[in-house]
Structures are given as structure tokens and as C-alpha cells.
Amino acid sequence: MKYEGGFQGRTNKLVDGCYSFWQGGAFPLLHMALSKQDSVSENPVSCSKWMFNQGALQEYILACCQYHSGGLIDKPGKSTDYYHTMYCLSGLSVAQHFTSGHHESDHIIGHKDNELKLTHPVFNICVDKALQASQYFRNCPSGDQSMFTD
């Protein structure tokens with residue numbers, strides 16, 4: 001199969017924009033697990049980039065997944081929908097930002113206005129919002145149901 005820069009759901013299937021997050025978002029989690037190795041010589045992960053071509057994924061999303069009247073699509077020739085717009089944007093964010101412990105680096109393709117906020121790979125929301133939610137629930141008394149009432 002031809003190299004396109006995006007991810008596909010299964011072998012011999014076409015690349016689909018939503019897998020930018022479904023697969024791309026797994027790399028920060030894999031990176032975190034692999035970086036727990038004791039010895040630096042045994043540790044196969046980079047301190048500056050994910051284990052996929054971040055530039056190629058951004059190029060695929062920016063060049064192939066933008067719809068002419070707005071939104072993002074799974075592949076050229078398809079129409080836009082909220083599902084693919086959300087997961088393409090989340091995948092684009094993962095491809096733009098590398099964070100691992102005390103190491104951070106950004107790799108933005110194109111103009112600086114292309115940069116998105118950092119997306120949490122588990123919750124698929126901005127990291128600052130995930131931290132706010134975590135702090136809120138940490139401060140709730142055990143068994144407090146007030147968050148479920150008006």
C-alpha cells in the first residue's frame with residue numbers, strides 16, 4: 001500500500017483521518033510505558049519525538065483532510081462531519097506536541113497559526129481542562145453527588 005502519512009484502521013484499508021487520534025493518541029501512552037525502563041541503554045524511546053512521523057501525519061491532515069467549506073474529513077472525496085473533525089484535530093494536536101517527563105518539543109508544520117492546544121491522549125480534551133477536572137474531583141468529598149444535580 002502506498003505511503004500517505006496518515007494512519008489506517010487495518011492493513012489493506014485506506015487511510016482515515018480519525019485514526020490520526022485513535023492510533024496517534026496511543027503513542028504517548030506507549031512512550032510513557034516504554035520510558036519506564038530502568039536502564040537508558042535498554043530504553044528505546046526518544047526524548048524529543050514520538051515513534052511515528054509527526055510531520056507526515058500533520059501534512060496528511062492539513063493537505064488531505066480539510067473540507068473546502070470547513071471541517072475535516074476522513075479522506076479526500078468524502079464530506080465533513082463532527083466525528084472526523086474532532087478526531088482529526090485531536091490527532092493533529094498529538095502530532096504537534098511531544099511531552100515526556102521534563103522533555104517537551106513542538107513540531108508545527110506550516111504557519112504558527114496551525115498550532116493547536118495540547119490534547120490529553122486518554123481523555124481527548126485539552127490537557128489544562130483535564131487537569132482542572134482532576135483537581136475538581138480530587139477536592140470533592142467522597143460520595144458528594146452535588147456535581148450531578150442542578
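Start at the core: select Phe52, Leu57, Ile61 and Cys65, which touch the most other members among the 19 residues of the largest nonpolar core. Such a core is a set of buried Ala, Val, Leu, Ile, Met, Phe, Trp, Tyr and Cys residues joined through side-chain atoms within 4.5 Å. Buried means under 20% relative accessible area, exposed over 50%, and partly exposed in between (1.4 Å probe, protein chains only). Now colour α3 (54-64) and α4: each supplies at least two residues of this core. The most come from α4, which gives five. Helices are DSSP runs of H or I with at least four residues, strands are runs of E with at least two, and both are numbered from the N terminus.

A word on the model: it is predicted, local features need pLDDT of at least 70, side-chain atom pairs count only at pLDDT 80 or more, and totals for chains, interfaces and linings use all residues. Residues are numbered from 1 along each chain as its sequence is written, and side-chain values use heavy atoms, with hydrogens and water left out.

Zoom in on leucine 57. Not counting residues up to four places away in sequence, leucine 57 touches Gly5, Gly6, Phe7, Ser20, Phe52, Gly91 and Ala95. Contact here means heavy atoms within 4.5 Å.

Next, select serine 90 in helix α4 (residues 82-96). Serine 90 is buried, at 7% relative accessible area. Beyond four places in sequence, its contacts are Phe21, Thr119 and Asn124.

Now show the cysteines. With a disulfide taken as a pair of cysteine sulfur atoms within 2.5 Å, the count is zero. Cysteine 88 is in no disulfide: its nearest cysteine sulfur, that of cysteine 65, lies 4.3 Å away. Cysteine 88 is buried, with 0% relative accessibility. Cysteine 126 is partly exposed, at 26%.

Go to histidine 107, in the loop between β2 and α5. Histidine 107 counts as partly exposed because its relative accessibility is 37%. Leaving aside neighbours within four places in sequence, histidine 107 contacts Gln54, Gly55, Gln58, Ala95 and Gln96. Draw a C-alpha to C-alpha distance to serine 93: 9.9 Å, across 14 residues in sequence.

Finish on the surface. Leu29, Met32, Val122, Phe123 and Ile125 form a nonpolar patch with about 460 Å² of accessible area together. Patch residues have over 30% relative accessible area and no salt bridge; like charges are joined within 9 Å, nonpolar side chains (Val, Leu, Ile, Met, Phe, Trp, Tyr) within 5 Å. A salt bridge puts a side-chain nitrogen of Lys or Arg within 4 Å of a carboxyl oxygen of Asp or Glu. Areas come from the Shrake-Rupley method with a 1.4 Å probe; for residues, only the protein chains shown count as cover. Isoleucine 125 sits in the loop between β2 (103-106) and α5 (127-139).
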